[in-house]
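This report covers selected local features of one protein model: a strand and its partner, a pocket, an aromatic pair and a helix residue.

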Amino acid sequence: MYFEYIKSALASIKSNKGRSFLTMLGIIIGISAVLIVLVIGDGMRNTVNSEMDSMGAATITVSLDTLKTEKTFTREQLDLIEENLKDIYGISPSLSLGAHYVTKKNTYDVIIDCASDAMGNAAGYKIVHGRFFNKTDVQESKKVVVISQTTANILFGYEECVGNTVHIDFYGDEADFTVVGVREDTSMDVAYASFGDDPTLMGDVPYTAAAEVNRMDPDTLFDSFTIYLDRENKDKVLLSARSVVENIMGLRGENAVKIKSSAGIDKTTDSILNIITSVVAIIAAISLLVGGIGVMNIMTVSVTERTREIGIRKSLGARTSSILTQFLAEAAILTFTGGIIGIVLGLSVAYIICQVVDFAFVVNPSLVIAVVMISTGIGLFFGIYPAKRAANLDPIEALRNE
């Protein structure tokens, strides 16, 4: 019997091909739009996560609450903390100082990052010439510097300047530093260096060397440091970091150690992407509502046109449920077919867009199944009114209809 309903619905659809296509068009556009947005959203999220993973190291920042303790990290304590933390690349105190690069021809503003050798494991940090300063350089307070490609070109006129000397003036305290490495430019390097006629350059030096030149005590200078580690070890290190630091610093139970992980940035980024994708998907889904209303309108017109046919069928003994089922089957077939076409069109367009913008093309099978179910559900929902109207027609009144 159900096969007959489907057969009858298909015959009705075929007899009005143009109108059936226009009915499906709203569903096709709606399904395509929603699918394009969701697939591109998943691709964007996957691409962003891949980029963040490819950066290598994650970071955890550990700091002391200055309102609860006056202690600072000594070099000995930093070494002990690094020894007691497992599954990390290393730790580094950090300090940024303003200074000048002084050459025979010019003086340039510079931001000097003072850190330990562990900073070489920072996300996106890539040495193109030479090396990053090592643990020996830090322990012996060697005056060495790592500069960016842009800085090398501005100071020396060429990139491969390892072994050259650059004079750094910390606003009165100054010394010659030997270039041991040239790192790949970051967007920040390019942006600062391109700032009008007065570029700001960058440089990285051992924190002990910077402290020595500036006559600072490195044992009283830092109340925070950064842990560099692989992303997959974040949770494990987070569990042990507070306990290790509190034990070594003698701050057990004082709640004076604050820990901040870059994992929070990952979650924030993912949340933002989810919100953007959801909002755009909701806007796109409005076209599904419009498509559903189109189905209801066309089915209502179909009922009106076939009123006499319905009257004949009911007078010959067709049950109300049979008439209802036939019209619902017609609506479901229209929207199901429109959904399939919409899925093919949506995935094709999403693939092309992902290729153009260089996003990963990620298709969630459950999403495709859900879209098919939604499209069929829309047909059933919006087909109920015209189907019930057809089923409830009085056979005598229907036969009178011209």
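Two strands count as paired if DSSP finds at least two bridges between them. The model described here is predicted.

**Strand pairing**

In β8, T178 is the residue that stands opposite V144. V144 belongs to strand β6, which covers residues 144–148. β6 and β8 (residues 173–183) run parallel and are joined by five bridges. How many of the residues of β6 are buried? Five of its five residues are, and the strand is mostly covered. The burial applies to both faces of β6: V144, V146 and S148 lie on one side, and V145 and I147 lie on the other.

**Second largest pocket**

The volume of the second largest pocket is about 220 Å³. Its lining consists of 14 residues. Those nearest the centre of the pocket are R75, D79, V138, Q139 and Y207. By residue type, the lining holds six nonpolar, three polar and five charged residues. Three helices, α3 (75–84), α4 (135–139) and α7 (207–213), each supply at least two lining residues. Which helix gives the most to this lining? It is α3, with four residues.

**Aromatic pair Y207 and F222**

Rings count as paired when their centres lie within 6.5 Å, and a pair is edge-to-face when the planes are over 60 degrees apart. By this rule there are six aromatic pairs. One of them is formed by Y207 and F222: the ring centres are 5.3 Å apart and the planes stand at 85°, so this pair is edge-to-face. Y207 is in helix α7, while F222 is in the loop between α7 and β10 (224–230), so the pair ties together parts 15 residues apart in sequence. Residues under 20% relative accessible area count as buried. The values for the two partners are as follows.

| Residue | Relative accessibility | Class |
|---|---|---|
| Y207 | 7% | buried |
| F222 | 3% | buried |

Both Y207 and F222 therefore fall in the buried class. Y207 is also among the residues nearest the centre of the second largest pocket.

**Residue E82**

E82 is located in helix α3, the helix that gives the most residues to the pocket lining. Which residues does E82 touch, not counting those up to four places away in sequence? The contacts are I88, Y89, G90, I91 and K135. Along the chain, E82 and I227 are 145 residues apart, and their C-alpha atoms are separated by 8.6 Å.

Technical notes:
Residues numbered from 1 in each chain as written. Predicted model: local features only at pLDDT ≥ 70, side-chain atom pairs only at ≥ 80, totals over all residues. Heavy atoms only, no water. Buried < 20%, exposed > 50% of the residue type's maximum accessible area, 1.4 Å probe, protein only. 1 Å grid on protein atoms, 1.4 Å probe; cavity = no way out; pocket = protein on both sides within 12 Å on 5 of 7 lines; lining within 4 Å. Points joined across faces, edges and corners; volume = space filled by probe spheres on them. Nonpolar A, V, L, I, M, F, W, Y, C, P; charged D, E, K, R; others polar. Phe/Tyr/Trp six-rings, centres within 6.5 Å; stacked < 30°, edge-to-face > 60°. Contact = heavy atoms within 4.5 Å.
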